[in-house]
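Student: I would like to learn how to read a protein model step by step. Could we go through one together, feature by feature?

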Amino acid sequence: FGGKTWYIKVSFTCLKGKYLEELNIQTVTLIPGDGIGPEISTAVMKIFEAAKAPIQWEERNVTAIKGPGGRWMIPPEAKESMNKNKIGLKGPLKTPIAAGHPSMNLLLRKTFDLYANVRPCVSIEGYKTPYTDVDLVTIRENTEGEYSGIEHLIVDGVVQSIKLITEEASRRIAKYAFEYARNNQRTSVTAVHKANIMRMSDGLFLRKCREVAENYKDVKFTEMYLDTVCLNMVQDPSHFDILVMPNLYGDILSDLCAGLIGGLGVTPSGNIGANGVAIFESVHGTAPDIAGKDLANPTALLLSAVMMLRHMGLHGHAKKIETACFDTIRDEKVLTKDLGGNAKCSEFTADICRRVQDMD
Amino acid sequence: MVKSVFFDNLVNNGSFDLSSLWGFHHLVVKPILLNGEREKEQVRYHVIYMCHIEFSIPPPAKYGGRHTVTLIPGDGIGPELLNHVRELFRFSCVPVDFEVVHVNSASTSEDDINNAIMAIRRNGVALKGNVETNHTMPPNHKSRNNLLRTSLDLYANMMHCQSLPGVQTRHKNIDIIIIRENTEGEYSSLEHESVSGVVESLKIITRNNSLRIADYAFRLARDKGRRRVTAVHKANIMKLGDGLFLQCCKEVASGYPDIEFDSMIVDNTTMQLVSKPHQFDVMVMPNLYGNVVSNVCAGLVGGPGLVPGANYGRDYAVFETATRNTGKSIANRNIANPTAMLLASCLMLDHLKLHDYANMIRGAILTTMNETRLHTVDIGGQGTTSEVVQSIMRIIQSGGPLTTEI
């Protein structure tokens, strides 16, 4: 009789442990976005549910409102939610042309000081591009550089744009790059620059990278000119591992790498901010012409969500969902239009859900 | 600066001297009514037209039927490749003499580069290798190549990227002309550290230079029978700077209605280049984007060893490899690809109006590449530089014209 009670007690403890583990649900702020944003967000939520990922979603809207003092800001509920949860997933946001406020992405970046934009580019088996062996990460400084927005009309017909490079920002991004290398078992970090022409600005960036490299002797550090990187990237992308660079070069190179693996529709992206905030997003547009028609491809947002899971340490779930997604694409039976098939978004999602469930 | 110039007797088709109109102006053409006639209707020819009045570059100096060209060996693979060019020219009896000017990249004084610039002013044409820039030197030590381009006002860098038959690449049949503004933009070398730890670098865009380069691009497109010019920019972020560039391109485009004009943002451009490069025809852009795009295109057609580049100014022309690499790691090992430098020398011969020699050498290069498949290491072969050059010389010899001994 005592034995039976003991058995029941143990079972209950095991169950309780499992329950507790499942209770370790993390809340993530979800910003569905505009256009195809809502449907791809729904798709991602469905897939996460099927994978039983311990994530609880908190949906928020970030349409800009005018705060006290007349400055545009994101709604306070959204800001609070992000600061509390620290992790966010964002769909594509519409950039209004004549709404009078700056682009939403810019506003988010400034509000949460999102200083690093990380884009891992890995060739997707099943989505054929001329480049098959891409496996690199571009880490781009996101706050200053050429995009500081400081421009002057000096005399009629002469315009000057200012590119700003600061020690602090350069050190921060270099540190993040090396930390990322360590946490993700990558072997080398390459700083991309044009210090032969922009001696002081890129020279400063390079010096900071070198200083930070001293503290991370386990990761190989190299420097390469922007033009050499472009040249070699197009001929043989397998030579590159992690690339760290200032804003403009990062913009161009990260889009170049996205083009190598198949475009913005399949590229994940993450923005890391100060205070532990991280927002993962899909970088394609809102595609208003196919919005609401169940034709969208959720791959970019899904892979960004997988990146988010890895960032949170949930590697098991991340691997499961990523494998299911790649398997679906590799099989080529249920593909959305932009991937070359003619399935609907819901069918594509359902296929991935099925694979995820089969894996359990 | 508003200048009013009155032309009468337009009806009589008189000729008039336009030299006072040198440069860029808005030409506002209004009919001047004769004899105090009142305007019957509001007929006004308010044509605002961009007009670049340019005299063609005067033919370079020719003594005894031979041209003199400045040669700047540079660093890395420059000297050995330019030696091959000289050898080939001597062999093929090309009537060009080279005036060699060395530029020492390690020295801090600017005498070397000033000598080179003076030599180019004297001769009008140059062929150069890349001079290395040691970026650990203090900021007042400017890049020698940049100094040369800005002093001689070589405002247009032209690069014609063509897939060469016989070279294995991921994309086939690429044919893109890239025209890059060569003197201003991000390469203005104007930097300062106003507060410790904060560096500002200035990017300058001027109306005159943008109009000039856009006009060059459209004229080239028309001369070569091209149908579309694409301007590459980032005006959504750099609204004033690249916005001005884009506006200038649009203005010039209105004067060439037979050529289509569109624009594309630079990050989208690089993405399209690696996936669908055949949509591009002629591209025009400011300095830095030109650097990125030209390197991407060079990579697409097979690498830095294959594409020649040309820098044109109003009075001078300097020819070099398109991607301007020093190639330090492969210097003096006889493995560099001479194609780019040899094709650059052919461009130079075309500029000197020695078209027969240019076509002969170009034909020999393409035959070596395609029929004999003698490739250097960078394009997947086993040949050495000298083997390739020897093969080219043999083909020229077998072609018939007078040559010296091999």
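This is a predicted model: local features need pLDDT of at least 70, side-chain atom pairs count only at pLDDT 80 or more; totals for chains, interfaces and linings use all residues.

Student: How many residues does helix H10 of chain A have, and what does it reach from its first C-alpha to its last?

Tutor: Helix H10 of chain A runs over residues 315-331, which gives 17 residues, and its span from first to last C-alpha is 24 Å, close to the 24 Å expected at 1.5 Å a residue. Helix H8 of chain B can be read in this way too: with 13 residues, 339-351, it reaches 18 Å, close to the 18 Å expected.

Student: Which residues of H10(A) are buried, and what covers them?

Tutor: Here a cut-off is needed, since a residue counts as buried when its relative accessible area is under 20%. In H10(A) the buried residues include Ala318(A), Ile321(A), Ala324(A), Cys325(A), Phe326(A) and Ile329(A), and Lys320(A), Glu322(A) and Thr328(A) are buried as well. Among the elements that cover the buried residues of H10(A) are helix H2 (37-50), helix H9 (299-312) and helix H11 (345-359), which belong to chain A.

Student: How many residues of H8(B) are buried?

Tutor: In H8(B), 12 of the 13 residues are buried, so this helix is largely enclosed by the rest of the structure. Among the buried ones are Met341(B), Leu342(B), Leu343(B), Cys346(B) and His351(B). For chain B as a whole, 54% of its 406 residues count as buried, and the chain contains 10 helices and 15 strands.

Student: What about Lys194(A): is this residue buried or exposed?

Tutor: Lys194(A) has 1% relative accessibility and therefore counts as buried. You will find Lys194(A) in the loop between strand S10 (188-193) and helix H6 (199-214) of chain A. Leaving aside residues up to four places away in sequence, Lys194(A) touches Asp202(A), Tyr225(A), Leu226(A), Asp227(A) and Tyr249(A), and also Tyr187(B), Leu288(B) and Asn291(B).

Student: Where should I look for salt bridges, and what is the general idea behind them?

Tutor: The general idea is that side chains of opposite charge can pair when their charged atoms come close. A search over all chains finds 44 salt bridges in the whole structure. One of them joins Arg210(A) to Glu223(A), with the closest N and O atoms 2.4 Å apart. This pair links distant parts of the chain, for Arg210(A) sits in helix H6 and Glu223(A) in strand S11 (residues 220-225) of chain A, 13 residues apart. Arg210(A), at 31% relative accessibility, counts as partly exposed, and Glu223(A), with a relative accessible area of 30%, is partly exposed too.

Student: Which residue forms a salt bridge with Lys203(B), and are the two buried or exposed?

Tutor: The partner of Lys203(B) is Glu186(B), and their closest N and O atoms are 3.1 Å apart. Lys203(B) lies in strand S10 and Glu186(B) in strand S9 of chain B, 17 residues apart, and both residues are buried. In another salt bridge the side chains of Arg324(B) and Glu320(B) meet at 2.9 Å, N to O, and both of these residues are buried as well.

Student: How many salt bridges are counted between chain B and chain A?

Tutor: The count between the two chains is one, and a salt bridge is found where the side chains of Lys234(B) and Asp251(A) meet at 2.8 Å, N to O. Across this interface there are also 20 residue pairs in polar contact. The side of chain B that touches chain A divides into 23 nonpolar, 22 polar and 11 charged residues.

Student: How many residues does the contact take from each chain?

Tutor: The contact takes 56 residues from chain B and 51 residues from chain A. Together the chains bury about 4,500 Å² between them, with 65% of it on carbon and sulfur atoms. On the side of chain B, His135(B), Arg170(B) and Met271(B) lose the most area to chain A, together 16% of what that side buries.

Key
Residues are numbered from 1 along each chain as its sequence is written. Chains are lettered from A and ligands numbered from 1 in the order in which they are written. Side-chain values use heavy atoms; hydrogens and water are left out. Helices (H or I, at least four residues) and strands (E, at least two) are DSSP runs, numbered from the N terminus. The expected span of a helix is 1.5 Å times one less than its number of residues. Buried means under 20% relative accessible area, exposed over 50%, partly exposed in between (1.4 Å probe, protein chains only). Contact means heavy atoms within 4.5 Å. Buried area is the accessible area (1.4 Å probe) that two parts lose on being put together, summed over both. A salt bridge is a side-chain nitrogen of Lys or Arg within 4 Å of a carboxyl oxygen of Asp or Glu. A polar contact is a pair of N or O atoms within 3.5 Å; within protein, one must be able to donate a hydrogen and the other to accept it, and residues adjacent in sequence count only if both atoms are side-chain atoms. Ala, Val, Leu, Ile, Met, Phe, Trp, Tyr, Cys and Pro count as nonpolar, Asp, Glu, Lys and Arg as charged, and the others, Gly among them, as polar.
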